Amino acid sequence: MRSETIQPSKEMGKLVFKNKKNHMLDKIVPILLFLCAALSIVTTIGIVITLISETYQFFQQVPIMDYLFGTKWSPLITPTSFGVLPLLSGTFMITVIACLVAIPLGLASAIYLSEYAPKTVRKIIKPILEVLAGVPTIVYGYFALSLITPLIRTIFPDMGVFNALSAGIVVGIMIIPMVCSLSEDAMSAVPRSLRDGAYALGATRFEVALKIVVPAALSGIVASAVLAFSRAIGETMIVTVAAGATPKLTGNPLESIQTMTAYIVQVSLGDTPHGSIEYGTIFAVGMTLFVITFLLNILAQYVARRFREEY
Amino acid sequence: MSLLEEDTGRKQIAQRRRMDFILHILFVICTSIGVLALMALMVDIIMDGIMRFAPDLFTNYPSRRASQAGMKSAIVGSLYMLLIMAPLSFILGVGAAIFLEEYAKKNRLTRLIQLNISTLAGVPSIVYGILGLTLFVRGLALERSLLSGALTMTLLVLPIIIVSAQEAIRAVPKARRDASFALGATKWQTVSRSVMPSALPGVLTGVILALSRAIGETAPLVMIGGLTYVAFLPESILDSFTVMPIQIYNWISRPNEAFHELAAAGIIVLLIMLLLMNFAAILLRNKYQKNV
Amino acid sequence: MQTLIEIKKLNLFYTAFHALKNVSLEIPEKAITAFIGPSGCGKSTLLRTLNRMNDMIPGTRIEGTIAIGGTDIYSNEVDVETLRKKVGMVFQQPNPFPKSIYDNIAYGPRLHGIRSRQQLDEIVENSLKASVLWDEVKDHLKRSAFSLSGGQQQRLCIARALAVNPDILLMDEATSALDPISTLKIEELAQELKDRYTIVMVTHNMHQAARVSNQTVFFLNGEVVEYADTEKLFSNPSDQRTEDYISGRFG
């Protein structure tokens with residue numbers, strides 16, 4: 001019988017613990033992986049540099065004060081005017097309408113799902129909301145134009161085809177799932193024992209929900225509202241399709257308006273020569289949009305972290 | 001002692017119960033609005049589009065005449081876009097996730113990258129369009145090509161993929177890593193042979209969901225593609241292109257009602273494609289839940 | 001001693017699981033009754049039926065009756081909110097609300113309709129005094145309840161339960177998350193409270209039952225094995241299983 005034992009390879013009487021091939025791989029791989037991760041930083045820097053350099057050139061030609069405080073936006077028609085306020089007010093109106101729809105409905109759905117709904121109902125509703133969140137925005141745009149606008153026109157017959165109200169409502173519907181799922185996450189994180197404590201004192205369900213769970217989850221709920229606001233500001237296709245292309249300072253949601261995002265699409269669809277002032281407006285408006293949403297997102301993260309309750 | 005309250009106490013409780021009942025109803029109504037909206041949307045689109053949901057839609061190129069128009073080039077464009085994006089975003093996204101979960105030290109740079117990723121996820125998609133326009137279309141002179149579009153969309157979905165892949169990797173029990181290390185495996189052997197196989201279904205679920213978001217994304221591609229009248233199939237990645245959402249947008253923005261029906265039919269195609277992708281993701285997720 | 005809680009032929013099911021089997025008990029007022037037994041024996045379940053906290057677990061089904069002060073607590077005449085107001089509960093883990101000390105105590109009275117500031121102040125003070133926490137916190141009632149130590153938090157929870165003026169206090173392993181010194185304080189507090197309240201406590205700790213309670217009920221597999229005066233049960237149990245348990249042969 002042949003006896004065979006596995007022996008450690010020996011080199012000059014010493015055990016060898018090195019395997020060159022694996023060693024190399026373990027040096028190269030982390031570097032490659034780091035490059036993948038660093039790409040996100042590069043992307044951010046790319047966005048910032050792009051926006052800043054082109055915006056800077058734009059402000060060489062258009063005084064920044066005229067841009068920020070001007071009340072007329074007509075960059076494509078002479079005499080040109082580059083006041084961003086009409087676009088801002090249009091964006092703001094859409095956002096406010098959307099939040100008026102999304103925050104109460106989203107929060108109420110979250111309370112229902114987390115505090116009231118039996119398991120079986122929750123199992124049905126949550127996937128539906130996920131589907132709602134996955135519907136492309138262009139589809140919502142069609143929905144606004146073909147169903148919501150005619151519906152509103154039965155109440156306000158004088159309203160135009162393109163209007164802020166319909167677009168705002170549909171943007172709101174689009175954001176409901178986001179508000180709902182983020183708020184519900186925050187409410188589910190509230191420990192069972194707090195609810196028990198309140199029930200044991202004789203609280204009813206709505207008292208537990210509104211006086212214990214919602215306050216305890218407030219940071220998450222506020223963060224979800226801020227994110228909703230930011231999402232509505234950045235939403236593009238719904239407003240491009242349904243809100244119109246007439247930048248104006250108005251408080252009337254039944255009128256056609258234009259948002260910052262819709263303006264960017266409008267210009268990029270036309271054959272504006274690049275290098276021109278008109279082309280520069282894309283970047284100035286894009287920068288404005290980026291700065292606002294960026295600050296809101298930072299705010300949301302800050303709120304969620306800073307005011308996180310310790311239960 | 002008595003459990004039966006005097007009249008005032010009973011009244012107070014009856015009142016609170018009524019409040020609870022009213023709010024319960026209110027919450028149910030609010031929740032149903034979301035559900036009803038989805039149903040209304042589906043019904044609206046199917047009613048409008050079902051007549052045009054016919055073979056012509058798949059075989060014809062866009063046309064000025066609504067009766068002859070189809071979305072062949074857009075469907076093919078979307079599929080090509082997916083084919084380019086899927087491997088790119090998978091490799092880059094999963095690579096970043098592995099780095100952050102397995103290799104990165106808990107230092108400031110890591111935190112910065114992590115914070116940066118979650119911030120990028122919140123940047124409006126149109127801003128990616130601006131980036132793509134400057135960087136790929138002009139900067140790298142790739143023009144308004146399929147490649148420009150795919151690269152832009154890759155950047156857009158990366159944050160989503162990274163975050164979901166990180167979650168999947170984090171869900172792999174530490175014991176599996178230890179077992180591998182204890183057998184003398186190196187870090188990369190452990191990651192590639194022990195951690196990733198366990199995490200893969202979860203990672204793929206995230207990738208598919210992110211890609212399904214990209215398939216429906218319109219705004220950045222409108223900026224990159226611009227061109228919406230594409231009556232040919234792209235033959236190389238540097239050819240100009242169109243995709244389904246752009247074609248749909250084009251049809252929606254025409255005043256002629258007949259084009260709106262086409263748009264609705266196009267939406268049906270788009271939604272079916274999304275549904276299939278989501279279904280695949282759910283299947284994977286179920287498999288995943290069984291494994292871990 | 002007069003009987004306050006009368007449980008008759010109680011059976012409780014969690015869907016298919018038979019958690020309480022034919023339990024009949026008479027719990028006297030103004031005394032401490034302890035429920036002991038190994039984990040899963042049904043002692044906590046029974047405690048939670050006394051203020052109907054089990055109602056919230058889907059699939060729970062109950063047969064038999066529980067009467068408190070002569071009224072069936074599952075009858076239509078009884079509002080569960082009133083029941084829970086009269087039957088207070090303290091939980092295993094201290095669970096103060098993420099609010100100030102003051103608002104924690106005032107939460108219950110406010111629910112039940114007390115709005116006057118003066119009245120609330122009085123209730124807060126009295127409840128905190130009753131739970132022997134007043135001297136430690138009277139100068140910072142506005143502080144978060146989380147600033148208190150674990151033992152203090154548990155006494156705050158007892159004060160919170162007392163603030164709605166209950167007749168019965170249920171303690172569900174109320175000291176199991178606390179250190180020995182805090183545990184001792186809670187036990188002393190229970191002794192003091194029994195002159196005014198009927199206390200039912202669930203405990204994992206047999207010594208605690210022996211130290212604190214007047215009567216002890218020993219549960220096993222959802223059944224009452226033995227119910228006797230504490231002294232008798234621990235010194236001279238009549239059932240072999242009780243003896244095995246208290247002598248540490250299982251559980």
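Okay, let's start with a pair inside chain C: the side chains of Arg61(C) and Glu63(C) come together in a salt bridge, 3.2 Å from N to O. Before I go on, keep in mind that this is a predicted model. As for the general idea, side chains of opposite charge can pair when their charged atoms come close.

Over all chains, the count comes to 25 salt bridges.

Here's another of those. Asp79(C) pairs with Arg10(B), and their closest N and O atoms are 3.5 Å apart. Asp79(C) sits in the loop between strand S5 (71-72) and H2 of chain C, while Arg10(B) is in helix H1 (residues 7-49) of chain B, so this pair joins two chains. Asp79(C) counts as buried, at 10% relative accessibility. Arg10(B) is partly exposed, with 32%.

Now a salt bridge that stays within chain B. Glu102(B) and Arg177(B) meet through their side chains, at 2.6 Å from N to O. Why do we say that this pair ties together parts that are apart in sequence? Well, Glu102(B) is in helix H3 (residues 72-103) and Arg177(B) is in helix H7 (residues 174-182), both of chain B, so the bridge ties together parts that are 75 residues apart in sequence. Glu102(B) is buried, with a relative accessible area of 11%, and Arg177(B) is buried as well, at 14%.

Staying with chain B for a moment, there are charges sitting over rings. Lys187(B) lies over the face of Tyr103(B), 5.5 Å from the ring centre. Arg254(B) does this with Phe259(B), lying over the ring face at 4.5 Å from the centre.

Next, let's see how the chains meet. The size of an interface is often given as the accessible area lost when the parts come together. For chain A and chain B, how much area is buried between them? About 6,400 Å², and 77% of that is on carbon and sulfur atoms. Leu33(A), Ile138(A) and Tyr142(A) supply 10% of the area that chain A buries against chain B, more than any other three residues. In terms of contacts, 72 residues of chain A touch 71 residues of chain B.

There is one salt bridge between chain A and chain B, and you can find it at Glu207(A) and Arg16(B), whose side chains meet at 2.7 Å, N to O. We also get eleven residue pairs in polar contact between these chains, counting pairs with both residues at pLDDT 80 or more. And which element of chain A gives the most to the side that touches chain B? Helix H1 (residues 20-61), with 19 residues.

Then there's chain C against chain A. Here 23 residues of chain C are in contact with 19 residues of chain A. The buried area is about 1,700 Å², and carbon and sulfur atoms give 68% of it. The count is one salt bridge, plus four residue pairs in polar contact, again with both at pLDDT 80 or more. On the chain C side, the elements giving two or more residues are helix H2 (80-86), strand S6 (87-90), helix H3 (101-111) and helix H6 (150-162).

Last topic: aromatic rings. A pair of rings is described by the distance of the centres and the angle of the planes. Searching the whole structure turns up 16 aromatic pairs over all chains. Take Phe59(A) and Tyr67(A): their ring centres are 5.3 Å apart and the planes are at 70°, so this pair is edge-to-face. Why edge-to-face? Because planes over 60 degrees apart count that way. Phe59(A) is partly exposed at 22%, whereas Tyr67(A) is buried, with 2% relative accessibility.

Those two belong to a cluster, too. Ring pairs link Phe58(A), Phe59(A), Tyr67(A), Trp73(A), Phe82(A) and Tyr263(A). Thanks, everyone!

Technical notes
Residues numbered from 1 in each chain as written. Chains lettered and ligands numbered in written order. Heavy atoms only, no water. Phe/Tyr/Trp six-rings, centres within 6.5 Å; stacked < 30°, edge-to-face > 60°. Buried < 20%, exposed > 50% of the residue type's maximum accessible area, 1.4 Å probe, protein only. Lys NZ or Arg CZ within 6 Å of the ring centre and 35° of its normal. Contact = heavy atoms within 4.5 Å. Buried area = accessible area lost by both parts, 1.4 Å probe. Salt bridge = Lys/Arg side-chain N within 4 Å of Asp/Glu carboxyl O. Polar contact = N/O pair within 3.5 Å; in protein donor to acceptor, adjacent residues only side chain to side chain. Helix = DSSP H or I, 4+ residues; strand = E, 2+ residues; numbered from the N terminus.
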